[in-house]
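This report looks at selected local features of the chain shown below, moving from loop residues to strand pairing and then to aromatic contacts.

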Amino acid sequence: GLGRAYALAFAERGASVVVNDLGGDFKGYGKSSSAADKVVNEIRAKGGKAVPNYDSVEDGEKLVKTALEAFGRIDIVINNAGILRDRSFVRISDEDWDIIHRIHLRGSFLVTRAAWNHMKNQKFGRIIMTSSAAGIYGNFGQANYSAAKLGLLGLANTVAIEGRKYNIHCNTIAPTAGSRLTQTVMPQDLVDAFKPEYVAPLVVWLCHESCAENGGLFEVNFLFFLFSPLRWERSLGAIVRGKNQPMTPEAVRDKWEKVCDFDNASKPRTIQESISVLSEALSQIESQGGVSMNSTSSGSVVSSSTGIVGRELATNVYTYTHLEPILYALGVGMSTKDPDHLKFLFEGNEEFCCLPSFGVIPAQTSMFDGVPSLPGLNIDLAKVTSVSIFVILLSSFCSRKEKFRQLTSVSTVADILDKGSGAVLLIDVNTYCGKDLVCYNQFSLFFVGAGGFGGKRTSEKAKLTANPPKRPPDAVISDVTTPDQAALYRLSGDWNPLHLDPSFAALGGFKKPILHGLCTFGFAARNVLKQFADNDVNRFKAIKVRFAKPVYPGQTLQTEMWKEGNRIHFQTKVKETGEVAIAGGYVDIAPALAKPSAQEPLMTGGLQSNLVFEEIGRRVKEMGNELVKKVNAVFQWDITKDGKTAMQWTIDLKNGSGAVYQGPARSSADTTFTLSDEDFMDVVQQKINPQKAFFSGKLKVKGNIMLSQKLEMILKDYAKL
């Protein structure tokens, strides 16, 4: 039957095979070597390698020992041995019950256990359990057989979970085929039609090293040569426990129709997914009052925050060309219909750059990496929501025009907070271009059901949102998202099926797939950029948002904005419902850089800074080669007087032996400084700290701010000026 077909198929593909058969009849009586010997001889006659084994599967160690002695290793176990003792339920004897479980269930356990450590040590193993349609659906006269066969499925599912990290995969098949076992319960014409050879290809594939399937159940129907994976389906159910009301059979009866309604049914695949609805149900009950909620019921637990805070999670490299920023811009609603959008959509545009909110894309890959392995943190990633995000752009991240860029993002746990019904994990992600820090993100992640561990509720490290002013907004922009908005945005790297697969969305409790929160975030950010910074990406310094409600593709986003100095407050509403999707948002922008009028000549007379730059020029001539090696950057200075640019100087410590000259940088400046002549002298004479000048707004920096630290080599290390 099936065992022979498997043995021949594996041997034909080059495997060395141990053929085990006790040689009894279909009821388990008798013993003979002929069945195993016949198959071994068939394999050897075709040039294959095979040895027989005549032990019972209850002697699992002996079976595995035969493989080790003959071939030196064990890679694959096909648990196929079985017998029948069919009786109607009331006629099953203790012996009929016990022997079926001993051979089918316990035998599979013993053979698998004997092979386990060998597979674990070699980091490879493939295991097949053989269930049956009788186990899945039940069958008259086979209560003992059905119980054992479904028991094998439970065994296989747990073996698959425990073996995953060792590259040990376990799958279950439920075949229908003609064999010694089925010839007594099937008409002969079906026995002849359902050839065991039709089952073997599925089993061979599931055991191949390139097959990633693990924990699957496959029903094999060979009337139509059909392989069918099976999955559980569960109705959404109904809560039958109300506020201050007892749980009664009548309450169950009254909700029975809803309990059995399989519309929008979920399809749980893990025990975590299976119990995930508990936290929502308990939250609903808790909101009614009078019922306490067990915060650990969802399976997400924080036992201790010790050793978590400050731990580095992951380092990820993100490589991109002009394609990725363009895809992102399209994903957040930009269009060639708006001429202002061309600089973000066409790489040939002389002002081509990426949107500031693109800074979340390199960082998002580091958001979850390493979280499941944090000590003391037992959480379910299926029960996480992104609560808020904060982004700071630290250099010319958006406006660089290299054809190819590589960014490295490092994520760290900033803090963990206990919110009672869940835990909030603050994750800081620093993104570097080479050694230069170009972007900083802080993600706030809420893990449902992981609270109640006695931790603190607030953190000074958390970047807080800010409520908008209590007056009508200064500007309102509406954007209609398309039905395919999520399908387009996901191309930027967020592949969560929640945003595309209706069945997965239903599992999360949504009536249909929802739009990515970071997509809504991108719409809002670009509206603020256009309305209050004239699409000048260098003026966009920081953004903070809190995600409040989901958005469905096709809905209209309404961004409401308030200007308060250099801070733009905003919120995003769903126009059709009036619900706030993004709350407490703000963007910090830098003032526009004053440009000299073509009609007004630069006012160069009486500038003390000219004397300083002339002195710097003399020093660069003396030690320029040394400085170029250490600094490797071009600095442009825009010196102002009475609020207008009065003089420009360039310190070139990148090209040749260095140079200092009047005027803007002849090549692209790495960093541009803008400050008044008076403030420049105060900085040079150390009357004011450069950092204080920067944060007070006296010193404005454009480009790579981190390179400014290297100026100390001129202003400090080589004597005071």
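## Loops, strands and rings

Gln 686 is located in the loop that runs between α20 (677-684) and α21 (690-695). The model is a predicted one, and in it Gln 686 takes a positive phi of about 60 degrees although it is not a glycine.

Lys 123 belongs to the loop between α4 (94-122) and β4 (125-130), and its relative accessibility of 48% makes it count as partly exposed. Leu 491, for its part, is found in the loop between α16 (485-489) and α17 (502-507), where a relative accessibility of 42% places it in the partly exposed class. Although Leu 491 and Tyr 328 are 163 residues apart in sequence, their C-alpha atoms are 7.9 Å apart in space.

The next topic is strand pairing. Strand β17 (residues 556-564) has seven of its nine residues buried, and it is therefore largely enclosed by the rest of the structure. Strand β15 (residues 475-480) is joined to β17 by six bridges, and the two run antiparallel; within this pairing, Asp 479 stands opposite Leu 557 in β17. Strand β18 (residues 567-574) is likewise antiparallel to β17, to which eight bridges join it, and Ile 568 in β18 is the bridge partner of Lys 563. β17 and β18 form a hairpin with two residues between them, and in the turn Gly 565 has a positive phi of about 65 degrees.

Strand β16 (residues 540-547) is mostly covered, six of its eight residues being buried. The antiparallel partner of β16 is strand β19 (residues 580-589), with six bridges between them, and Phe 547 has Ile 582 as its bridge partner in β19.

Turning to the aromatic rings, the count comes to 12 aromatic pairs. A pair of this kind is described by the distance of the ring centres together with the angle of the planes.

| Pair | Centre to centre | Angle between planes | Class |
|---|---|---|---|
| Phe 613 and Trp 637 | 5.9 Å | 65 degrees | edge-to-face |
| Phe 613 and Trp 649 | 5.1 Å | 10 degrees | stacked |

The pair of Phe 613 in helix α19 (residues 608-631) and Trp 637 in strand β20 (residues 633-641) links distant parts of the chain, 24 residues apart. Phe 613 and Trp 637 are both buried.

Two contacts between a charged residue and a ring complete the account. Arg 666 lies over the face of Tyr 661, at 3.6 Å from the ring centre. The charged end of Lys 511 sits over the ring of Tyr 552, at a distance of 5.3 Å from the centre of that ring.

Terms used. Residues numbered from 1 in each chain as written. Predicted model: local features only at pLDDT ≥ 70, side-chain atom pairs only at ≥ 80, totals over all residues. Heavy atoms only, no water. Buried < 20%, exposed > 50% of the residue type's maximum accessible area, 1.4 Å probe, protein only. Helix = DSSP H or I, 4+ residues; strand = E, 2+ residues; numbered from the N terminus. Pairing = 2+ DSSP bridges. Phe/Tyr/Trp six-rings, centres within 6.5 Å; stacked < 30°, edge-to-face > 60°. Lys NZ or Arg CZ within 6 Å of the ring centre and 35° of its normal.
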